[in-house]
Amino acid sequence: MNRLTHHRVEVELGDRAYTVHIGAGVRGLLPELVAATGASRAVVVSARPEGELPPLGVPTLWLAAHDGEDNKNLAAVARLCEHFARFGLTRSDVVISCGGGTTTDTVGLAAALYHRGTPVIHLPTSLLAQVDASIGGKTGVNLPEGKNLVGTYWQPRAVLCDTGFLATLPARERVNGHGELARCHFIGAEGLAALPLEEQIARSVALKASVVSRDERDQGLRHILNYGHTLGHALERATDYALRHGEAVGVGTVFAGRLAGALGRVPPDRVREHHEVVASYGLPTALPADVDHDALIAYMLRDKKAEGHGLTFVLDGPDGPELVADVPERTVREQLALLDTDRGSPLPDPRESALTARHPTPHP
């Protein structure tokens, strides 16, 4: 493949650096990337049909995945590792994930744990996974108590964001991907909506790569990538994932603007800008009906960023976004109540899943 026909973004991490390839048809690079690892066999864990990827040139085990938060758990990781072992996979071989963000998160964690670390290549197939989830090395699965509470950092050898996969996504799944694009507006990448889709993805990936290369393990700067995610993750869990990740992050981004305004960190016009940007992407901007505020508070208190410092959010301010700890619960409750002003719309039907409806496959 002509390397000049697609975008390339480098994630600079020394001897663990890798390239994110973005464009139609970049899945065609997969055989040479597998060869570059030196692997003698490969496992592909895919939410897409087998024929959608090229032959890899080495003996390959194909495992069907099922995108969705319900399948993102420790039991799924254990099943994958058992399949790896039966196939005789070694730490010199390679694992390939092909699916949405829940698949890349789960497969990434399985690869990180198997033999204490096996190379992994990601082929994200949803817009959400291409603009954010597959980049940066975070892996993780959910517990009943909260989202992404078990995981580790395991950088891939490469990421292939083939925009050809996006043509099969239904409308709701495309809008879901807009949640991460909307939050980019407030952390260093304004004006994405005016760009062609491939350029939107490339700029979002470049922003994340820049942050990850300076703070791989969330010690400081990388927290800004979680803009809108504190309430977003709580909403996902409180609705039992009927509200999808990008939709929830959209609401969380509006909430982050309101909260920053209430704390005197930003003026009213910046608060309004949060609402306007999120709404312009077709994302929800208010709480869904029947979500209990007490449950949201409880989930937000368990957020990984809190680290024992009470309610903690990434909020805009005079010096840009930053992590703000010990936000008064009363203020949080007041702003949740304001998000209720447009409340009353029922949750979208969770069966409107882009990939499970189009590609029904059993989980490994």
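Predicted model: local features only at pLDDT ≥ 70, side-chain atom pairs only at ≥ 80, totals over all residues.

Modeller: Start with the rings: the count comes to three aromatic pairs.

Colleague: What makes the pair of Phe186 and Tyr227 stacked?

Modeller: Two values decide. The ring centres are 5.9 Å apart, and pairing requires centres within 6.5 Å. The planes of Phe186 and Tyr227 meet at 15 degrees, and planes under 30 degrees apart count as stacked. So Phe186 and Tyr227 are a stacked pair.

Colleague: Why do you say that Phe186 and Tyr227 tie parts of the chain together?

Modeller: Phe186 lies in the loop between α5 (171-184) and α6 (197-214). Tyr227 lies in the loop between α6 and α7 (229-238). Those parts are 41 residues apart in sequence, so the pair ties them together. Both Phe186 and Tyr227 are buried.

Colleague: Why is the pair of Phe255 and Phe313 called tilted?

Modeller: Their centres are 5.9 Å apart, with 55 degrees between the planes. Stacked needs under 30 degrees and edge-to-face over 60; the rest is tilted. Phe255 belongs to helix α8 (residues 245-262) and Phe313 to strand β10 (residues 313-315), 58 residues apart.

Colleague: How do you know whether Phe255 and Phe313 are buried or exposed?

Modeller: Buried means under 20% relative accessible area. Phe255 has 0% relative accessibility, so Phe255 counts as buried. Phe313 has 4%, so Phe313 counts as buried too.

Colleague: What makes you place Arg27 over the ring of Phe165?

Modeller: The charged end of Arg27 is 3.9 Å from the ring centre of Phe165. The distance cut-off is 6 Å, with an angle limit of 35 degrees from the ring normal. Arg41 also lies over a ring face, that of Phe87, at 4.8 Å from the centre.

Colleague: Why do you say the buried residues of α9 line one face?

Modeller: They are Arg270, His274, Val277 and Val278. Down the axis of α9, the buried residues fall within an arc of 95 degrees, so they line one face. What covers them includes α5 and α8. On the other side of α9, Pro268, Glu276 and Ser280 are exposed.

How values were computed
Residues numbered from 1 in each chain as written. Heavy atoms only, no water. Phe/Tyr/Trp six-rings, centres within 6.5 Å; stacked < 30°, edge-to-face > 60°. Helix = DSSP H or I, 4+ residues; strand = E, 2+ residues; numbered from the N terminus. Buried < 20%, exposed > 50% of the residue type's maximum accessible area, 1.4 Å probe, protein only. Arc of directions from axis to C-beta. Contact = heavy atoms within 4.5 Å.
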